Amino acid sequence: MKNPRAAVMTMEGTNNEMEAYLSLIHAGANAEIVHIKKFENSEKKLGDYDLLFLPGGFSAGDYIRAGAIMAARIKAKLIRDIESFVDDGRLVMGPCNGFQILIELGLLPNTEGKWETEAALAQNISNRFEARTIYVKVNNNKCVFLKKFREGEILKLPIAHMEGRFITRDERVLNEILTRRMNVLSYVNREGKESGYPWNPNGSMMNIAGLCNEKGNVLGLMPHPERVFYKVTESDWTRNGTGEGMGYRFFLSAVEHMKEKF
Amino acid sequence: MPFLKITVTLKKSVEDAEGQSVVKALKLLGYENIKDVRTGKVYFIELENGSIEEGREFCSKLLSNPVINECKVELDGN
């Protein structure tokens, strides 16, 4: 069985690409870091990969809006390739800046199937850059990246963003997300109850922290699982024993799925 | 040479967190009459030649997200 191939797409200003690359490698994928320009000039082909990872950070300095410039570049040259990639059942994951890009591109939530922008990640309601640990609850583990989690499980993950307030275009889009259970991760307090600030760090509608498309192969989320792949990268690792980091199972779920499928 | 002035603001329905911080800061300076502040960005774009329609394309392709933003395009210069 060959290892699935994963591309971590970067450009100026992205970060965590090394964490994503190492997480994918250590979960069993054959990963590489690829600059967006190599896809634009066809030096690399998206079709040669099974997973596309859009990393966090501040692509193009987050000027205009977070993720707007990278999303516009993808829209100009690569969007059809990415839409076919998703239609083929291949996997796309975008934490933080990657989530902002997936929303801008219309890959999420895409409730109408038209690949149009149906939502936004606006500035945090606190008007602050929120960089800390938060709790999220897994609402639906049908998403390929969440198969190794139990529904109702509470995860402790790091966040670091200024623009994470999830807003839908209208009530209809929000209702579709909830009806189809695409709100796979919600901000909660330590007891697992949906609560306001600071538990919901940005003021997102319905405490939405992560969205997965209906097919289950595109995940966007504000927290950073790639930053806590190993136990020693968790903020409280000296107090809370050994084992894997909280982000490990996101990558293992995806890689095992790809090994079965491709 | 023509230039476009493009103003991007949050829709009225979207809470403006930065604007609320400015309200608080101005009140702390003693301006009790402040009722609300809305923030935005203004882009001044110089062109070789161009039209207001092109400015609208800049809005839809890059400068605004239609879910949360309003984008006003003005053409000035000669």
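User: How much area do chain A and chain B bury between them?
Analyst: This is a predicted model, where local features need pLDDT of at least 70, side-chain atom pairs count only at pLDDT 80 or more, and totals for chains, interfaces and linings use all residues. Residues are numbered from 1 along each chain as its sequence is written, chains are lettered from A and ligands numbered from 1 in the order written, and side-chain values use heavy atoms, leaving out hydrogens and water. Buried area is the accessible area (1.4 Å probe) that two parts lose on being put together, summed over both. Of what the chains bury, 60% is on carbon and sulfur atoms, and the amount is about 1,300 Å².

User: Which residues in chain A lose the most area to chain B?
Analyst: Look at the side of chain A that faces this burial. Together, three residues make up 38% of what that side buries, and they are A:Ile64, A:Arg65 and A:Asn127.

User: How many salt bridges does the rule find across the interface of chain A and chain B?
Analyst: Here you'd look for a side-chain nitrogen of Lys or Arg within 4 Å of a carboxyl oxygen of Asp or Glu. Across this interface, the count comes out at zero.

User: How many residues does the contact take from chain A, and how many from chain B?
Analyst: Contact just means heavy atoms within 4.5 Å. By class, the chain A side that touches chain B has nine nonpolar, five polar and five charged residues (Ala, Val, Leu, Ile, Met, Phe, Trp, Tyr, Cys and Pro count as nonpolar, Asp, Glu, Lys and Arg as charged, the others, Gly among them, as polar). The contact takes 19 residues from chain A and 15 residues from chain B.
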